[in-house]
Amino acid sequence: MIKTRLTELVGLKYPLIQAGMGPYPVTSLCIAAANAGCLGLCSTYGVQSKEAEPIVYERFCEEAHASVDDDPVTITKKMFRRVFEETKESQGIFGANVMVSTEVLENARMVTQAIAELRAESPEMRERFKVLVTSAGDPMPWGKYVEEQGMIWMHVFPSVRAARRCKKAGVKVLIASGHEGGMHTAWQPVHSMTLLPDIVEKFSDENTLVVGTGGFCDGKSLAAAFAMGADGVQMGTRFLATQESDFSKLWKQMVVDCQDGGTLVARGFVGPARLLRNANSLKHAYDTARLAPGSYVGVPDDYSTIPMDLLLYARECVAACEKGDAEHAIAGAGECAQRITDLPTCAELAERITNDAEAILKGVAAKYVVD
Ligand SMILES: Cc1cc2nc3c(=O)[nH]c(=O)nc-3n(C[C@H](O)[C@H](O)[C@H](O)COP(=O)(O)O)c2cc1C
């Protein structure tokens, strides 16, 4: 059993966060992770995609047990009510991943309003729906909301500069996002091995926890995160490839089949994205190099300077992956996909990873510490 400041702060059995993974809500995965004793997160940025991405919208309605005629506020509430009901027995802890970048700000405002209304309904809801993970944007404007809500605030960011802003904004748990991570990744590439210890050294203190994300998938990488001073890890790709994960069979299989060097980066809808390498993602990467080269040199572009077709191609291929259409599919996943070879349940995964990390940490002390 590994206890850390993260397990103590949030009330978890394991120091593991299941990452929010859009565009789908990952409701079933959030439920399974929370029931297993990890922090479960639903992603929320696709809930307003009725016209733009019908397949995403339908999945939101389906997983929320909502009607397609419900409005986004109602769908959001129904989604979290379902998580609350299905984690009652285990008293699992859950939260929302809300992307706050400019492109999706309107959605973030709607979702946070829905969350506030839902949490106002009952103390039981507030007790277990207690974490807000903001990502992909500036944390500063969200401090007042989190304070009013009394939620535990975590923010995902890719750099020391962004961490400084988190600290100023009052973020409690800094989630340092290394460039090897799946899907949304930073313009300026810094990987976990460099970023995580840098953030720990500069920002971890009695009021601020640090969690690593990007590349963590097993006992070895969890033990490494602890060795670097982290309080826990957030995993996306590893949780994607589990029995309960909401991702399509094809998507999970593509992760399991991923070979050495099997990912690349290309322009995603919200900044650069790490994708599994296949003919479609390779075409998209070449197009990105021509039309959105900032993705490869750490210079952000915005929707006004790149052709919409570039983004629509990626979106269509991601939708094809969800529909099981292998010929046209693109799947988002992190570099660690090449180390993932199975589809365990969330409970099996959490136990295995933490048991392995514990054994590794003890073994390291025995092997390397003299006297
Ligand atoms: C398929 C997929 C979708 C993702 N979607 C989101 C998202 O909607 N919002 C977000 O903040 N991060 C998103 N991420 C990033 C994860 O939250 C997490 O930071 C990342 O997966 C960590 O790296 P790992 O994949 O190596 O575990 C996504 C990751 C994957 C693999």
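A polar contact is a pair of N or O atoms within 3.5 Å. The views below are close-ups of a predicted model.

View 1. In the side chain of Ser135, an N or O atom is 2.6 Å from an oxygen atom of the ligand. In total, 25 residues surround the ligand. The closest of these are Gly22, Ser135, Gly215, Gly236 and Thr237.

**View 2. The loop between strand E1 and helix H2.** Strand E1 covers residues 16-18 and helix H2 covers residues 27-36, with Pro23 in the loop between them. The peptide bond that joins Gly22 to Pro23 is cis, and its omega is near 5 degrees. Gly22 is also listed among the closest residues to the ligand. Val26 lies in the loop between E1 and H2 as well. The phi of Val26 is near 50 degrees, which is a positive value in a residue other than glycine.

**View 3. Packing of helix H13 against helix H15.** Helix H13 spans residues 279-291 and helix H15 spans residues 308-323. Their axes are 10 Å apart and the packing angle is about 165 degrees. Angles over 145 degrees count as roughly antiparallel, and H13 and H15 are therefore roughly antiparallel to each other. Their crossing is left-handed. From H13, the contact draws on Asn280, Lys283, His284, Asp287, Thr288 and Leu291; from H15, on Leu310, Tyr313, Ala314 and Cys317. By class, the residues of this contact are five nonpolar, three polar and two charged.

**View 4. Packing of helix H10 against helix H16.** Helix H10 (residues 219-227) packs on helix H16 (residues 346-368) at an angle of about 60 degrees, with 7 Å between the axes. That angle makes H10 oblique to H16. The crossing of H10 and H16 is right-handed. On the H10 side the contact is made by Gly219, Lys220, Leu222, Ala223 and Phe226. H16 contributes Ile353, Thr354, Asp356, Ala357, Ile360 and Leu361. Seven residues of the contact between H10 and H16 are nonpolar, two are polar and two are charged.

**View 5. Packing of helix H4 against helix H5.** The axes of helix H4 (residues 72-86) and helix H5 (residues 105-119) cross at roughly 55 degrees and come within 9 Å. H4 passes H5 in a right-handed crossing. Pro72, Val73, Thr76, Lys77, Phe80 and Arg81 form the H4 side of the contact. Met110, Val111, Ala114, Ile115, Glu117 and Leu118 form the H5 side. The residues of the contact of H4 with H5 comprise eight nonpolar, one polar and three charged.

Definitions and conventions:
Residues are numbered from 1 along each chain as its sequence is written. This is a predicted model: local features need pLDDT of at least 70, side-chain atom pairs count only at pLDDT 80 or more; totals for chains, interfaces and linings use all residues. Side-chain values use heavy atoms; hydrogens and water are left out. Axes are lines fitted to C-alpha atoms, for helices over the stretch in contact, and angles run from 0 to 180 degrees between N-to-C directions. Helices (H or I, at least four residues) and strands (E, at least two) are DSSP runs, numbered from the N terminus. Angles under 35 degrees count as roughly parallel, over 145 as roughly antiparallel, 65 to 115 as roughly perpendicular and the rest as oblique. A crossing is left-handed if the near helix is turned anticlockwise from the far one by less than a right angle, and right-handed if clockwise. Contact means heavy atoms within 4.5 Å. Ala, Val, Leu, Ile, Met, Phe, Trp, Tyr, Cys and Pro count as nonpolar, Asp, Glu, Lys and Arg as charged, and the others, Gly among them, as polar. A residue is near a molecule or strand if one of its heavy atoms lies within 4 Å of it. A polar contact is a pair of N or O atoms within 3.5 Å; within protein, one must be able to donate a hydrogen and the other to accept it, and residues adjacent in sequence count only if both atoms are side-chain atoms.
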